[in-house]
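Hello,

Here is the structure you were waiting for. Please look it over; my notes follow below.

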Amino acid sequence: MLIRELSSGVYGANCFIVASQETKDAIIIDPSDNTKGLMDIINDEKLNVKYIVLTHGHGDHIGGIVELKDATNSEILIHEDDKEMLEDKELNLSSQMPMVTVEISPDALLKDGDLIKFGNLEAKVIHTKGHTKGCISIKIEDNIFTGDTLFKGSIGRTDLYGGSYDDIIASIKDKLMIYEDHITVYPGHGPSSTIGYERNNNPFLR
């Protein structure tokens, strides 16, 4: 499996390309606004992007989505509870950020437990609401991409539209901490971590 990470934009949002090294089929998780950087990787690795998967609908994670969809002819996937955010520049906050304004409809909606298949890989959708109503984490083999739910030593903010502190804590404890300590955590901002590190060190989980 190939994993490539790009951090870009004024908010330093992490974008990930995950691909099958055998088939070259790939997904992109949370394209921010570095479309050129993403396309350079896609072209260099000769990848076939099947899906753009959004962990949630905030502007700093979706800034490059229109340009990227046009360039790759891929499908946009988001949890059903964040569809309204993706389609509304005020709810997704792109109208208030130093970036392009985004209003776009997804190609398909996700639910908890859905499996996204690309090449010989499978991504499991974990509904981890709390940062937004439709926030998801994405588990692929021994890796979980947690968006703005779980960071290294911290959690996502819950004071924006659809946020809930109780929900995010419950999501992390009930949906993420069930996995083994060695599982790698790739968050939407900041450095990577592991489930074990967060279990033992994250102050919000004590």
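Ser-20 sits in the loop between β2 and β3 (helices, H or I of at least four residues, and strands, E of at least two, are DSSP runs numbered from the N terminus). Ser-20 counts as buried because its relative accessibility is 1% (buried is under 20% relative accessible area, exposed over 50%, partly exposed in between; 1.4 Å probe, protein chains only). A polar atom of its side chain lies 3.2 Å from the backbone nitrogen of Glu-22. Beyond neighbours within four places in sequence, Ser-20 contacts Asp-25, Gly-119, Asn-120 and Leu-121 (heavy atoms within 4.5 Å).

This is a predicted model: local features need pLDDT of at least 70, side-chain atom pairs count only at pLDDT 80 or more, and totals for chains, interfaces and linings use all residues. Residues are numbered from 1 along each chain as its sequence is written, and side-chain values use heavy atoms, without hydrogens and water.

Next, the cores. The largest nonpolar core has 23 residues (buried Ala, Val, Leu, Ile, Met, Phe, Trp, Tyr and Cys joined through side-chain atoms within 4.5 Å). Ile-17, Ile-28, Ile-42, Leu-54 and Ile-65 have the most contacts inside it. Elements giving two or more residues to this core include β1 (2–8), β2 (13–19) and α1 (35–44). The largest share, four residues, comes from α1. A second, separate core has 17 residues, among them Phe-118, Leu-121, Val-125 and Phe-145.

Leu-54 touches Pro-31, His-61 and Ile-136, among others, not counting residues up to four places away in sequence.

Best wishes

How values were computed: Polar contact = N/O pair within 3.5 Å; in protein donor to acceptor, adjacent residues only side chain to side chain.
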